[in-house]
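Here is a short briefing on one protein model. Look over the sequence and the 3D view, then read the points below.

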Amino acid sequence: MRELNSHNIVEVDFKEIKYELRPAIDNSGNVVKGLSNAWIYLNNPQQYNSYTTAAVKEIILAFRQASNDRSVVTVVFTAVGDKAFCTGGNTKEYAEYYSGRPLEYMQYMRLFNDMVTSILMCDKPVICRVNGMRIAGGQEIGMACDFSVASDLAIFGQAGPKHGSAPDGGSTDFLNLFVGIERAMQSCTLCEMWSAYEAKQYGLITEVIPVLKVNGAFVRNPLVITDKWLDESGNVVYGKNKSGDDLKAGKELLKSNETDLTPLDNYVNNLSTKLMYMMPGCITKTLNSLRKKKLEYWNQNHQTSRDWLGLNMMTEGKAGFRAFNEGPKGNREVDFIKLRTMLSEGHPWDDELLNAILPR
């Protein structure tokens, strides 16, 4: 056989992420010789699989490599562990390196933008295997994928305005295409989380899979909310009853039983198998056609969003990420009332303001 050209920009030894080729499986459950599925794992479980600058670089190269690999049928984008797919950018790195350095953060955001684009431009179908929380930038890179299959213990949402950013890494471009403008507005501004079942109901993801194993059988997430009401202060309260007994029992059930992602893997593998039994060129063209709407909004906005996000690291980004990184557990947000009051009085963004609003 004639030697084939490599179209990879560089050959890379992945250290920040995991890159794995798994054999493709046919309809009879047999390994297909010569075909595979590429699994790309975020690998920072200690920090809920947040991505560092080094990891972003490798993700870009991993998608390029999987896209170019002639043997690859699908790309599965996932993460190590069962707690989180991704909670966005690494807030420790943001707080300790990028805060107050807008030009540096703009360089970083160019890499982030290239990561999203590398997913949207991949020649293979991309399946987001949501093994846990998909929040903030994790939600954004997840929405860039073509399919999302989630553990029913996963939660979905944004965190930007609460912690000093805007969800301009894709959510303000993509989310309304999935769930409509009202729900996108709710998610992006209020930063309230959705359960996996809500995400499925709203059209954000393809399927939800139970992964909690109780006495040898898989059961639905016992914390799934079935009712909600307003308390005396007008806040939304969730639970099966006002006594909280069911919620307490659900937490105990989660604590005392194991999470087994095998059913999630089986669904992802079956989806990859279904896609294998399609014309590869026709699948690529269909993907590119359906991605046009995402790319239309993404290409209109990601450069100007990058510019703003860089400058924001001098003000609210600097404050919000430092608060999250330095604040004590349970108190990782700025004093919003103090911030608004000082700004309304014309106080400049300086160290005095920053020190006044950081949590103690």
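**Briefing**

Tyr48 is partly exposed, with a relative accessible area of 43% (buried means under 20%, exposed over 50%, partly exposed in between, using a 1.4 Å probe and protein chains only). This is a predicted model: local features need pLDDT of at least 70, side-chain atom pairs count only at pLDDT 80 or more, and totals for chains, interfaces and linings use all residues. Residues are numbered from 1 along each chain as its sequence is written, and side-chain values use heavy atoms, with hydrogens and water left out.

**Two positive phi angles**

- Tyr48 sits in the loop between β2 (31-42) and α1 (53-68). Helices (H or I, at least four residues) and strands (E, at least two) are DSSP runs, numbered from the N terminus.
- The phi of Tyr48 is near 50°, a positive value in a residue other than glycine.
- Ala136 lies in the loop between β6 and α4, and its phi is near 55°, again positive in a residue other than glycine.
- Ala136 is buried, with a relative accessible area of 15%.

**The second largest pocket**

- The second largest pocket has a volume of about 850 Å³. On a 1 Å grid over the protein atoms alone, a pocket is an open set of points where a 1.4 Å probe fits, with protein on both sides within 12 Å along at least five of seven lines. A volume is the space filled by probe spheres set on the points, which are joined across faces, edges and corners.
- The pocket is lined by 39 residues (a lining residue has an atom within 4 Å of a point). Thr87, Gly89, Thr91, Ala136 and Phe324 lie nearest its centre.
- Helix α3 gives the most to this lining, with four residues.
- The lining divides into 18 nonpolar, 15 polar and six charged residues. Ala, Val, Leu, Ile, Met, Phe, Trp, Tyr, Cys and Pro count as nonpolar, Asp, Glu, Lys and Arg as charged, and the others, Gly among them, as polar.

- Met106 is in helix α3. Met106 is buried, with a relative accessible area of 16%.
- Met106 touches Arg306, Asp307 and Gly310, not counting residues up to four places away in sequence (contact means heavy atoms within 4.5 Å).
- Helix α12 covers residues 292-312. Its buried residues include Arg306 and Gly310.
- The buried residues of α12 pack against α3, α4, α6 (171-179) and α13.
- α12 bends by about 40° at Asn301 (the angle between axes fitted to the seven residues ending there and the seven starting there).

Key:
The expected span of a helix is 1.5 Å times one less than its number of residues.
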